[in-house]
Amino acid sequence: MTPDLQTIALSLAALISGFAAGWAHFASLARVAEMLLNGRMGAIGLQLARLAALGVFLFLCAKGGTWPLLAGLAGIMAARFVVLRRAR
């Protein structure tokens, strides 16, 4: 089955948004680790916020269908690759 134009547009938006969400998620990982090493308990709240934001994003992508969900996940994984590559 071929996706229609609306599904393609939604998937493209999910891919771009997924990259932005993944970038924010993985870029803030160093901040959470630093806070935990310094004994600051605010890191737990930040970690929960990171996970909740990513969960809400993926839920919204899932509401759009299979292709937007896969595109959003691909964007997150691409951002993970970029952020972790830059950290080295």
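Author: Arg31 and Glu34 are joined through their side chains by a salt bridge, with 3.8 Å from N to O. The model is predicted, so local features require pLDDT of at least 70 and side-chain atom pairs pLDDT 80 or more, while totals for chains, interfaces and linings use all residues. Residues are numbered from 1 along each chain as its sequence is written, and side-chain values use heavy atoms, without hydrogens and water.

Reader: Why is the meeting of Arg31 and Glu34 called a salt bridge?

Author: The term requires a side-chain nitrogen of Lys or Arg within 4 Å of a carboxyl oxygen of Asp or Glu. The N to O value for Arg31 and Glu34 is 3.8 Å, so the pair meets the definition. A search of the whole structure finds 1 salt bridge.

Reader: Where do Arg31 and Glu34 lie?

Author: Both belong to helix H2 (residues 29-37), 3 residues apart, about one turn of the helix. A helix here is a DSSP run of H or I with at least four residues, a strand is a run of E with at least two, and numbering starts at the N terminus. By this count the protein has 4 helices and 0 strands.

Reader: What makes Arg31 buried, exposed or partly exposed?

Author: Buried means under 20% relative accessible area, exposed over 50%, and partly exposed in between (1.4 Å probe, protein chains only). Arg31 has 37% and is therefore partly exposed. Glu34, at 43%, is likewise partly exposed. Across the protein, buried residues make up 24% of the 88 residues.

Reader: Why is the aromatic pair of Phe19 and Trp23 called tilted?

Author: The structure holds 1 aromatic pair. Phe19 and Trp23 form this pair, with 6.1 Å from centre to centre and 35 degrees between the planes. Rings of Phe, Tyr and Trp (its six-membered ring) pair if their centres lie within 6.5 Å; planes under 30 degrees apart are stacked, those over 60 are edge-to-face, and the rest are tilted. The 35 degrees of Phe19 and Trp23 therefore fall into the tilted class. Both residues lie in helix H1 (residues 5-27), 4 residues apart. Phe19 counts as partly exposed at 31%, and Trp23 also has 31%.

Reader: Which residues make up the largest nonpolar core?

Author: The term denotes a set of buried Ala, Val, Leu, Ile, Met, Phe, Trp, Tyr and Cys residues joined through side-chain atoms within 4.5 Å. The largest such core has 8 residues: Ala14, Phe26, Leu54, Phe57, Cys61, Ala71, Ile76 and Val83. Two or more of these residues come from each of H1, helix H3 (42-64) and helix H4 (66-87).

Reader: What makes Leu36, Met41, Ile44 and Leu48 a nonpolar patch?

Author: Patch residues have over 30% relative accessible area and no salt bridge; like charges are joined within 9 Å, and nonpolar side chains (Val, Leu, Ile, Met, Phe, Trp, Tyr) within 5 Å. Leu36, Met41, Ile44 and Leu48 form such a patch, with about 420 Å² of accessible area together. Met41 is placed in the loop between H2 and H3. Its 57% relative accessibility makes Met41 exposed.

Conventions: Areas by Shrake-Rupley, 256 points an atom, 1.4 Å probe, with all protein chains shown as cover.
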